[in-house]
Amino acid sequence: MAGAMISKSQYLFFQFLIIILLSTLFIHFSQADVGTASHYGPPFLPTACFGGDASQFPSSNMFGSAGEGIWDNGAACGRLYEVRCISAAVPRTCIPGQTIQIKIVDRAQSSVSRPSSSDTSMVLSTTAFQIIANVSASLINIEFQQV
């Protein structure tokens, strides 16, 4: 039975391993930003990114306009972002477990169609917005990350 004993240093080492394993299960390390999103509908052309070129829009209608915080003097054009709704003023607005990928096709400040709420991080097409949130909401809090 004496061979079954472990030393104090072994015991501490095993505790350390358990803490590391548990922390990887419960702590989510994220590179994402937090912001707000609204939605908009047609007309979408012309855009600040692609003018009147409708071929630049994804066929899935999963696109959006960049707010000033991510516009980056036009460098945001064509960027892909993963977006998820994290909260809203009205409870149960977000659709749990839903994440979308959108393409930036315009600048929110100068888009032809006006967003449901101004001064947001991004404005999503209604098609994209309704996958992550109830479309009756004009503004949601989002987590977003460039792909």
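Trainee: Which residue in β4 is the bridge partner of Val-83?

Mentor: The partner of Val-83 in β4 is Ile-100. Please keep in mind that this is a predicted model.

Trainee: How many bridges join β3 to β4, and do they run parallel or antiparallel?

Mentor: β3 and β4 run antiparallel and are joined by four bridges.

Trainee: And in what sense do β2 and β4 pair?

Mentor: Strand β2, residues 63-66, pairs with strand β4, residues 100-107, in the parallel sense, and four bridges connect them. Within this pairing, Ala-66 has Arg-107 of β4 as its bridge partner.

Trainee: What about β2 and β5?

Mentor: Strand β5 covers residues 122-125 and pairs with β2 in the antiparallel sense over three bridges. There, Gly-64 stands opposite Leu-124 of β5.

Trainee: What do the strands form, and in which order do they run?

Mentor: They form a closed barrel of six strands in the order β1-β5-β2-β4-β3-β6, and the pairing is mixed. From one strand to the next, the twist averages 45°.

Trainee: Changing topic: how many disulfides does a search of the whole structure find?

Mentor: The search finds two disulfides. One of them is formed by Cys-49 and Cys-77, with their sulfur atoms 2.1 Å apart.

Trainee: Which parts does the pair of Cys-49 and Cys-77 tie together?

Mentor: Cys-49 lies in the loop between β1 (33-40) and β2, and Cys-77 lies in the loop between α2 (68-71) and β3 (80-87), so the pair ties together parts that are 28 residues apart in sequence. The link of Cys-49 and Cys-77 is left-handed, with -80° about the S-S bond.

Trainee: Is Cys-49 buried or exposed?

Mentor: Cys-49 is buried, because its relative accessible area of 18% is under the 20% cut-off. Cys-77 is partly exposed, with a relative accessible area of 24%.

Trainee: Which cysteine forms a disulfide with Cys-85?

Mentor: Cys-85 is bonded to Cys-94, and their sulfur atoms are 1.9 Å apart. The torsion about the S-S bond of Cys-85 and Cys-94 is about -55°, so this disulfide is left-handed.

Trainee: Are Cys-85 and Cys-94 buried or exposed?

Mentor: Cys-85 is buried at 8% relative accessibility. Cys-94 is also buried, with a relative accessible area of 19%.

Trainee: Finally, what is the pairing when the bonded cysteines are numbered in sequence order?

Mentor: Numbered in that way along the chain, the pairing of the bonded cysteines is 1-2, 3-4.

Conventions:
Residues are numbered from 1 along each chain as its sequence is written. This is a predicted model: local features need pLDDT of at least 70, side-chain atom pairs count only at pLDDT 80 or more; totals for chains, interfaces and linings use all residues. Side-chain values use heavy atoms; hydrogens and water are left out. Two strands pair if DSSP finds at least two bridges between them. Helices (H or I, at least four residues) and strands (E, at least two) are DSSP runs, numbered from the N terminus. A disulfide is a pair of cysteine sulfur atoms within 2.5 Å. Buried means under 20% relative accessible area, exposed over 50%, partly exposed in between (1.4 Å probe, protein chains only). Axes are lines fitted to C-alpha atoms, for helices over the stretch in contact, and angles run from 0 to 180 degrees between N-to-C directions.
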